[in-house]
Amino acid sequence: MMLRLSALLATTFALIGHSEAQLATSLQLSKRDYILGEPILASVTVTNHAGRDLVFASDNRLQWLDFLVKDSNGNPVSPHVRKMFGAMQIGAGQSMARQIDLSELFQFSRPGSYSVSAVVRLPGDTHQGSSTNRALFNLTPGRPYWTQKVGLADRPGETREYRILNFVGGQKNQLYAQIADGRTGRSIRTFLLGDSLSLRKPLVTVDRNQRMHVLFLASPTMSVHCQIDTDGRLVGRDIHERGPEGDPQLVSLPDGTVRVSNSIPYDPNAAAAAQNRIRRISERPAVVYD
């Protein structure tokens, strides 16, 4: 009996080792620190050493790609949806990457430290497969700077809550927009607006179309104006230089519209053309007198 068990275990580990020997896998996250609710992008790279073309595909019983996420106590985080990953073909000796948003698969409801690794299975492999490295990441709620609830004109009784969050990562102060369900408080979408200088506080307001306007200082001389709708879409983004009478301002007009005043709209094409003119002048050869 013991001999049979030993033989079975040896066969199983041989199959796993054979699978891992034919694949080189790795996992990389887009960054280390995330705001709770924003996309957590994981890129899984697979290199085919099988000596033949491989087609990775899922069936109703087993996925070719799985993720294992654990919290700081080592407890697995349960997925809240079962995603079917599309097929991926990799030629012999070639590498391919698949990017996955972990926030779509797992319900991260609490801030904290987490780890993630992936498992890639060869076609027809019903065993453990090939495991990637383990990547660490942190989730933080961010620091609320501004909030406002608004109604939805096309959905009576429903509301949205606009939130502007501050997050200090390293030496950068980053500004995030978050749109949440007004009744449950659940985040619908969270995304980065950009790096914000603390020399001036961001300006935020809502227009008559229930769009949130955010104006923040991105450099000592330039401000960024963003417009976000109730579905969490960034519907407008433009850059303004400092005007002759001080800093740019958000102005709410009597008709409910919002505009940026006391600014010079930044034209990147004009700036590039001006830079090219300066470069051409500097490239002229020096005049030599006999």
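Guide: A nonpolar core is a set of buried Ala, Val, Leu, Ile, Met, Phe, Trp, Tyr and Cys residues joined through side-chain atoms within 4.5 Å, where buried means under 20% relative accessible area with a 1.4 Å probe and protein chains only. The model is predicted, so local features need pLDDT of at least 70 and side-chain atom pairs count only at pLDDT 80 or more, while totals for chains, interfaces and linings use all residues. Residues are numbered from 1 along each chain as its sequence is written, and side-chain values use heavy atoms, with hydrogens and water left out.

Visitor: Which residues touch the most other members of the largest nonpolar core?

Guide: Leu 29, Phe 67 and Phe 108 do, in a core of 33 residues. The strand β8 (112-120) is among the elements that each supply at least two of its residues, strands being DSSP runs of E of at least two residues, numbered from the N terminus; β8 gives the largest share, 4 residues.

Visitor: What does Phe 67 touch?

Guide: Leaving aside residues up to four places away in sequence, its partners include Leu 27, Val 44, Phe 85 and Val 116, contact meaning heavy atoms within 4.5 Å.

Visitor: Why are β13 and β14 called paired?

Guide: Two strands pair if DSSP finds at least two bridges between them, and 7 bridges join β13 (residues 172-181) to β14, so the two antiparallel strands count as paired. Leu 175 stands opposite Gly 194 in β14.

Visitor: What makes β11 and β14 edge strands?

Guide: The open antiparallel sheet has the order β11-β12-β13-β14, and β11 (143-151) and β14 (187-195) each pair on one side only.

Terms used. Buried < 20%, exposed > 50% of the residue type's maximum accessible area, 1.4 Å probe, protein only.
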